[in-house]
Amino acid sequence: MWRCDQKGNREFAHGKEAWALAAEQAGACALFVADVEEEQVVEEELSCYNCRYRRWSVESFTCLRLPPLSLDEGGRTNGWSEGEDMHHAPFYSSP
Amino acid sequence: MRIAISIDDTDNLESRGTGEIASLIAEELQQRGWGSCSYITRHQLYVHPDIPYTSHNSAMCFFADVGEGWLEPVIEYVSEFLEKESAPGSDPGLCVAVPARMAARNELIGFGRRAKREVIGMDEAYDLARRLGVHLSQHGGTGQGVIGALAGAGLRMSGNDGRLKGALEFAQPYRMLRVDELLQHPVVDVVKSVTGEALKDEDLVVLGEKPKTVLLDGASVLLVAASQSSDAKARWQTLHRKQLKAY
């Protein structure tokens, strides 16, 4: 679901039009907060694409609330990855 | 006298948005009796790693029709408002342009279009504003918002960029309305098919959730597409928000 961008940010791995996956991810995220109306891009409010903590990138968006991913030597991700329970995610404070 | 007021980069992740700041400014100008204000448009600017936007890099702009003597008071008031009300860590910029006084409006429009696809520096924005006689000022932080503010004014003046802030609201939660009924809404100037087909006044349009208009040919346009509804009477439906992303 997520990948590391060049700056180490947690970037959504499915681009800007993966409507179902973005909704699924937001539905499982305890940190979701709807952005203001004019910045919402999907009717269904509960979508990462409508979250105030998504920052649009060239190909997708980065999440500014979940902890950054880091790559270990085997190339696996440390931190959260697809399938993990984000209802119990620790709050990631803003910089 | 018609003026364009454009602002950018007034928010942070936790604050109210730049659109709300624009609404508050427009309301106050009207309450003070300085003039009347149009709807607010949102203009998407370039998304690039070298641009330090908060989360979406968009500017907000509206037109105000003000008396000749109110231009300077308006600029002073909006400048003070931005300094007081912008969020900590933001880099607010303000542009106030008088289209009728500008000999080279196309240069400002061209700047706006470039700001959707190029990284532009503050010096260039200030140089152009000076040359065109447009007010441009920064009100905190790095002042980077001047680039988006100037671009927002140009894009609004182009008449062909952006979505209107806010969703259309009707007296009742109608599921369908005729085209001529939709045109009675104060914010709908035109109802238009995305495929270019002609609409008739009596055509029925299925209203989606939170319908929204876009700025095309200087008008607030409600875009529709062929209806997917099982209701055979409906010929059209409003576009989904995801279809409006490009505007």
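Q: In this predicted model, which residues make contacts with B:R105, leaving aside its neighbours within four places in sequence?
A: They are B:P99 and B:M157. Contact requires heavy atoms within 4.5 Å, so each of these two residues has a heavy atom within that distance of one in B:R105.

Q: Where in chain B is B:R105 placed, and how far is its C-alpha atom from that of B:S158?
A: B:R105 is in helix α3 (residues 105-114) of chain B. The C-alpha atoms of B:R105 and B:S158 are separated by 8.8 Å, while the two residues are 53 residues apart along the chain.

Q: Why is B:R105 called partly exposed?
A: Its relative accessibility is 35%. Buried means under 20% and exposed over 50%, so at 35% B:R105 falls in between and counts as partly exposed.

Q: What makes the pair B:E14 and A:R65 a salt bridge?
A: The closest N and O atoms of the pair are 2.3 Å apart. The cut-off is 4 Å between a side-chain nitrogen of Lys or Arg and a carboxyl oxygen of Asp or Glu, so the Arg and Glu here qualify.

Q: How many salt bridges and polar contacts are found between chain A and chain B?
A: The interface has four salt bridges. There are 22 residue pairs in polar contact, counting pairs with both residues at pLDDT 80 or more.

Q: Which element gives the largest share of the side of chain A that touches chain B, and how does that side divide by class?
A: Strand β3 (residues 54-56) of chain A gives the largest share, with three residues. By class, the side has 14 charged, eight nonpolar and three polar residues.

Q: What is the extent of the interface between chain A and chain B in residues and in buried area?
A: In contact are 25 residues of chain A and 30 residues of chain B. The buried area is about 2,300 Å², and carbon and sulfur atoms give 45% of it. In chain A, the residues that lose the most area to chain B are A:E38, A:E43 and A:R55, together 30% of what that side buries.

Q: How do you know that A:C29 is in no disulfide?
A: The nearest cysteine sulfur, that of A:C63, is 6.2 Å away.

Q: Why is A:C29 called buried, and A:C4 partly exposed?
A: A:C29 has 18% relative accessibility, and the limit for buried is under 20%, so A:C29 counts as buried. A:C4 has 31%, which lies between the 20% and 50% limits, so A:C4 counts as partly exposed.

Key: Residues numbered from 1 in each chain as written. Chains lettered and ligands numbered in written order. Predicted model: local features only at pLDDT ≥ 70, side-chain atom pairs only at ≥ 80, totals over all residues. Heavy atoms only, no water. Buried < 20%, exposed > 50% of the residue type's maximum accessible area, 1.4 Å probe, protein only. Disulfide = S-S within 2.5 Å. Buried area = accessible area lost by both parts, 1.4 Å probe. Polar contact = N/O pair within 3.5 Å; in protein donor to acceptor, adjacent residues only side chain to side chain. Helix = DSSP H or I, 4+ residues; strand = E, 2+ residues; numbered from the N terminus. Nonpolar A, V, L, I, M, F, W, Y, C, P; charged D, E, K, R; others polar.
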